[in-house]
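Let us walk through this structure step by step. Have the sequence and the model open together.

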Amino acid sequence: MQAVLPRAWETPVPAKPDNIVEVRGLSKFYGSFEALKEIDLDFPRGELISLLGPSGCGKTTLLKMIAGLLQPTAGQVLVKGKPVTGPGPERAFVFQDFALMPWATVIRNVAFGLELRGMPKAQRHEIARRYIAEVGLAGFEERYPHELSGGMRQRVGLARALAVDADVLLMDEPFSAVDEQTRRKFQEDLLSLRRVQRKTFIFVTHSIEEAVYVSDRIVLLSRRPGRVSRIIEPDIPRDGTPDEIRRDRRYLDTIEDIWDGLKRFVD
Amino acid sequence: MTLFGHRVPMMSSLLVWCLLWELIGRLDLMFLVPPFTAVLAAMVELVQSRQFLAATAITLRSFAVGMALAIVVGVALGVLMGRFRAADRLLGMWVNLFVSAPLSALVPILMILFGLGDTTIIATVFMFAVWIIVLDTQAGVKHISGSLVEMSKSFGAKPRDVYLKILLWAALPEILAGIRLGMIRGVKGVVIGQLLVSVIGYGELFELYSRNFLMERFWALTILVFAFAILVSELVGAIEKRIEYYAGVRQ
């Protein structure tokens, strides 16, 4: 299954930065449909990297291959230098549709990753309680998912991913199923989370504004087959208020720039 | 319901039918239909008789054992068929055949296999109940979106965890619906089995009463068996209601 094509990465790179996730020559076919073609990407530790592209460009497929939930047709993913063969404890996934167990309380949902690791109940509930408080859901521990709003459910999904203390958080359009106000609040929360936690975030979105607003680095994917078309490092001031940032020239120019590049993929 | 502007309490239609029964019984048209009050009197007498209590114990035991087997085997087969296409291909045809086949025809074969005893009755209950449980469980497991399974795998679930912590729970509404329908069929199974074997439990009593034209007792027993069937189904229905909330909210 290994690609034997000569690739740029095989030549030694001097002063390699600390890349926690490396994607090497990754391709994915669904039957004869080529979803992703020869993706090479580095994800530096501690950054928030967005995968942005038109629908059907394979960004979720790429994320799920990094998660080990999908097997690549060719190429490989390295996490901390080790090839990925399946899901692992150093990665945690946040799902677009939240994927909460409707029969379980908030605290059991949040502690589920720890439960699967065989941690005793008292201990895992203590940890879960801490992360439930961290995402602002203290007091909702014994509620069921159907009693919560969409935004609150995704906070549960986020707390569950944080509770297992993974180095890499993989987020698949986590804010796409919540309303706009909640979405903006989430973006702020994500930014402050990134400041507090020493974690790497890989974030799939189809919203250009969202990607530019939250990312250290944006990977633009093209469509059919999905390839890396550009990598952008938005130079946005991070010290202003959200409204100041959203009115900032550089923020708006970056959005415009990306939109110009993506326009041709809109059919 | 209202009738001529008056509110009619629930179940009053049942009263009308009981009254009609009583009238026909009083007219003495057929020996098959004794007055309803006479049947009620027979019922009070019946439930106190040692014969009835012994028959009830035997019937309940066969029913419970047969149902337990049907639930264990039915859910396991259903999950298997819902998860693996090969199992579905191999077994689907038979399950669909048996779920609608007139299974009473097979009871004589069970008698040859298991003899004229409890085992045949248990096998009959099992055979009547198991297929619908398989079908409903399979439907439930097939319905589950990949999302929850994927979630559990991403957090390191082993195959065992996926089955016990995700699949069984996610399919629980359908599994319970299957069990409820299976129980109704199981009641049929236990009665039909006993009637055909006709030397144990209620079957023996039915045989005794109808042969000796003890129609009051015959009807009293019939009503009790019917009531049991409804009770069992309502009981599972009540459990179903408690988890109904999540049948609708599953993704």
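Two strands count as paired if DSSP finds at least two bridges between them. Strands (E, at least two residues) and helices (H or I, at least four) are DSSP runs, numbered from the N terminus. The model is predicted: local features need pLDDT of at least 70, side-chain atom pairs count only at pLDDT 80 or more, and totals for chains, interfaces and linings use all residues. Residues are numbered from 1 along each chain as its sequence is written, while chains are lettered from A and ligands numbered from 1 in the order in which they are written.

Begin with chain A. Strand E4 (residues 74-79) of chain A is joined to strand E5 (residues 82-83) of chain A by 2 bridges, and they run antiparallel. A:Val79 has A:Lys82 in E5(A) as its bridge partner. E4(A) and E5(A) form a hairpin with 2 residues between them. In the turn, A:Lys80 has a positive phi of about 50 degrees.

E4(A) also pairs with strand E1 (residues 19-30) of chain A, in the antiparallel sense over 5 bridges. There, A:Ser27 is bridged to A:Ala74 of E4(A).

How confident is the prediction? pLDDT is the predictor's confidence in each residue, from 0 to 100. Chain A has a mean pLDDT of 83, with 93% of its residues at 70 or more.

Now turn to chain B. An automatic or database domain assignment sets the domain bounds. Chain B is divided into domain 1 (1-33) and domain 2 (35-249). The centres of these two domains of chain B, taken over C-alpha atoms, are 32 Å apart.
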